[in-house]
Amino acid sequence: MRVLLIGANGYLGRFVADRLLADPAVQLTALGRGDDSDVRFDLASGSPGALTRFLDAVHPGVVINCAGATRGGARDLTRHNTVAVATICEALRRSGCGARLVQLGCGAEYGPSQPGSSTAEDAVPRPGGPYGVSKLAATELVLGSGLDAVVLRVFSPAGPGTPAGSPLGRLAEAMRRAMQAGDGELKLGGLGVQRDFVDVRDVARAVHAASLSAAQGVVNIGAGRAVRLRDAAAVLARVAGYGGALHELDQVPARQLIGHQRAESEHGTPAAAYPYPDGCGSWQQADVRTARDRLGWRPRINLEESLADIWMEAACRI
């Protein structure tokens, strides 16, 4: 099976590439903006015609799109998350390769949900920020393209490779600095939110399964369980061996709100910035029955293992 992987150098794309390369039946080609890609191509500025010519030459059976942006203004998010997907869809429509498209969406497309509820694929999306809007627009383009396509709505990925600027990455970095400074207490803000964390290696398994399946439409990929961030912090402290006290800030100072990547507590140790500028409110939990029924997929890696891997990488930073 010839697979064209777009965004192989990204956070999720790296694990998808590893998973596909472990399958001897897969012949993988990586397309992206980096020098180490098999083919260099910028989806945000490249033309559908140029991509069509490449598709006709390579003739993949599956195209997987892991590319996109999670940060930036509305214009950049639209270019990298929406315009890029429009280019892929148009190129696939023009091409004679007949490839199946696996698009990686995100849980932020749904927006806020009722605490205690599980969000299924038939929920009406109401994204609460430009990132979710840009990803939802991409999903709608894929669903309306007429292509053989599936969109995997990935909830909150965790595990090795987690970016240092992400919520769990910031927690690990704050804890590392507190331990390095010998601080006996760590003050953290915004720990009341609850998210559905799913390990990136499980996400890669889901992408692999989707590429082999006949499933179409939207499929949620998550653990199916919301975890409060303060509970994740407690688990992280345990795996890190941090014996200090964790104090949650009731009122998060303005300097720690959305957009501030670092903040200092009054003791000089870092306090996590408000953790989830994703427009999804205080609660998010995926209904993952469709993934089980249509992809034969279930999450295998628990959050403690994911957090242990995040900590291992954070502890190695200088």
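The structure holds one aromatic pair, a pair being rings of Phe, Tyr or Trp (its six-membered ring) whose centres lie within 6.5 Å. The rings of Tyr110 and Phe155 have centres 6.0 Å apart and planes at 35°, so the pair is tilted; planes under 30 degrees apart would count as stacked, over 60 as edge-to-face and the rest as tilted. Because Tyr110 sits in the loop between strand E5 (100-106) and helix H4 (130-143), and Phe155 in the loop between strand E6 (149-154) and strand E7 (156-158), the pair ties together parts that are 45 residues apart in sequence. Helices (H or I, at least four residues) and strands (E, at least two) are DSSP runs, numbered from the N terminus.

This is a predicted model, in which local features need pLDDT of at least 70 and side-chain atom pairs count only at pLDDT 80 or more, while totals for chains, interfaces and linings use all residues. Residues are numbered from 1 along each chain as its sequence is written, and side-chain values use heavy atoms, with hydrogens and water left out.

| Residue | Relative accessibility |
|---|---|
| Tyr110 | 3% |
| Phe155 | 6% |
| Thr82 | 12% |

Thr82 belongs to helix H3 (residues 74-94). Leaving aside residues up to four places away in sequence, Thr82 touches Leu77, Ser134, Ala137, Ala138 and Leu141, contact meaning heavy atoms within 4.5 Å.

H3 and H4 pack at an angle of about 10° with their axes 9 Å apart, and are therefore roughly parallel to each other. Axes are lines fitted to C-alpha atoms, for helices over the stretch in contact, and angles run from 0 to 180 degrees between N-to-C directions; under 35 degrees counts as roughly parallel, over 145 as roughly antiparallel, 65 to 115 as roughly perpendicular and the rest as oblique.

Helix H1 (residues 11-21) and helix H6 (residues 200-212) pack at about 60°, with axes 8 Å apart, and are therefore oblique to each other. Among the H1 residues that meet H6 are Tyr11, Phe15 and Arg19, and the H6 residues that meet H1 include Val203, Val207 and His208. The buried residues of H1 are Tyr11, Leu12, Gly13, Phe15, Val16, Ala17 and Leu20, and their cover includes strand E1 (2-6), strand E2 (27-32), strand E4 (62-65), E5, E7 and H6.

Terms used: Buried < 20%, exposed > 50% of the residue type's maximum accessible area, 1.4 Å probe, protein only.
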